[in-house]
Amino acid sequence: MLAVKAGDARAFSRLFDKYARSIVNFAFRFVADRGRAEELTQDIFLKVYKSAASYEPSAKFKTYLYRIAANHCMNEKRRGVYQAQHQSTGEEGAAELRSADNTSPEQALHGQELARDLAAALEALTPRERAAFSLCRFEGMAYKDIAETLETSEAAVKSLIHRATLNVVKRLAESGAEPAEPAAGGRHGVQRV
Amino acid sequence: MACSVSEELTAYFDGELAAPERAKVEAHLATCVECQGELDMVRGLSSRLQAMPVLEPSAQLRRNVMNALPEPKPGLFAWLRNLAPLGGLAVAAGVMLSLSHLSGDRTSTGGEMALAENLDVVENLPALETADLSDEDLEVVAQLDQLEAKE
């Protein structure tokens, strides 16, 4: 990031290649639409590039990147412009997702259904709950880093994640999706996508 | 869900509790079936999220981002290159002035008129960036003093 701050466009392209996948999926969990998720991702990376001059090495780059991403996506949800136009429930968006290469057709179909149900469950969360949930469950970030990203306290993050997690569990149960085998425990059991 | 440790279960699962709090939750879990069930649900959710398919960013996204990057600040070479069209106009103005002198029209202000007519162009920098300076222009510039000498 320091090279980007010095105006090195090639360093920026390396950062893009490293984080684009995570950011586009993070954005997708807010809008459940591939096209819009990519537009948000483009906005986010351009903001990172333009604000590189103000980047301080004391902050972790990942925290810095996700702070910009979370603010951008939360603002998108708060504005409500997108929902008013699309009213997406994740049905169409889920079809855009890709399973791992070694996944069977049945598993791929199950994954699509899960993605659709998760998108619907996420719709019930506030933008901050959604951001905290995604950063914890998909990005594997520690509460301390999430607090720094969302510019709040660890206690507030703990509460956001607890509420969001129980809400999503409840919604998925209501959707009738088959429960999976319990994970071993902890954030380490969650695959980072 | 009325148990005192209920709100700690997610943080417990995430490994975010300090040792004393963790011990307290574990002691409670040993006796509370309801909290054991809630913890299992959180574990189950994590397993399901592992099976979530992902979105692959398109090649078009990368092109869009890279093409949208602001141009870097121009270096000395780019600065000089941008001045070239200005040089072309100066040459044109110089030629007009010289021709005016050659024609013996001392009262005419043809060169000044040419400058005045081009003043709006000089002030319009974006238009200048697209102007070309031909080899002939450059040759005229090199021979301006000879034209003056012939006068």
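Good morning. The model is a predicted one, in which local features need pLDDT of at least 70, side-chain atom pairs count only at pLDDT 80 or more, and totals for chains, interfaces and linings use all residues. Residues are numbered from 1 along each chain as its sequence is written, while chains are lettered from A and ligands numbered from 1 in the order in which they are written.

I begin with helix 2 (residues 9-31) and helix 3 (residues 34-50) of chain A, whose axes lie 8 Å apart at an angle of about 135°. Helices here are DSSP runs of H or I with at least four residues, numbered from the N terminus. Axes are lines fitted to C-alpha atoms over the stretch in contact, with angles from 0 to 180 degrees between N-to-C directions. Helix 2 and helix 3 of chain A are therefore oblique to each other; under 35 degrees would count as roughly parallel, over 145 as roughly antiparallel, 65 to 115 as roughly perpendicular, and the rest is oblique.

Which residues make the contact? Among them are A:Phe12, A:Phe16 and A:Phe28 of helix 2, and A:Leu40, A:Ile44 and A:Tyr49 of helix 3. Contact requires C-beta atoms, placed from the backbone, within 7 Å. By class, this contact has 13 nonpolar, 1 polar and 3 charged residues. Asp, Glu, Lys and Arg count as charged, Ala, Val, Leu, Ile, Met, Phe, Trp, Tyr, Cys and Pro as nonpolar, and the others, Gly among them, as polar.

In the loop between helix 2 and helix 3 of chain A we find A:Ala32. A:Ala32 is not a glycine, although its phi is positive, about 50°. Is A:Ala32 buried or exposed? A:Ala32 is buried, since 26 other C-beta atoms lie within 10 Å; the term buried asks for 20 or more, exposed for 12 or fewer, and partly exposed falls in between.

I turn now to helix 8 (residues 127-137) and helix 9 of chain A, whose axes come within 10 Å and cross at roughly 140°. That makes helix 8 of chain A oblique to helix 9 of chain A. On the helix 8 side the contact includes A:Arg128 and A:Leu135, and on the helix 9 side A:Ile146 and A:Leu150.

Finally, A:Glu151 sits in the loop between helix 9 (143-150) and helix 10 (154-175) of chain A. A:Glu151 also has a positive phi, of about 55°, without being a glycine. A:Glu151 is exposed, with 9 other C-beta atoms within 10 Å.

How values were computed:
Helix = DSSP H or I, 4+ residues; strand = E, 2+ residues; numbered from the N terminus. Contact = placed C-beta atoms within 7 Å.
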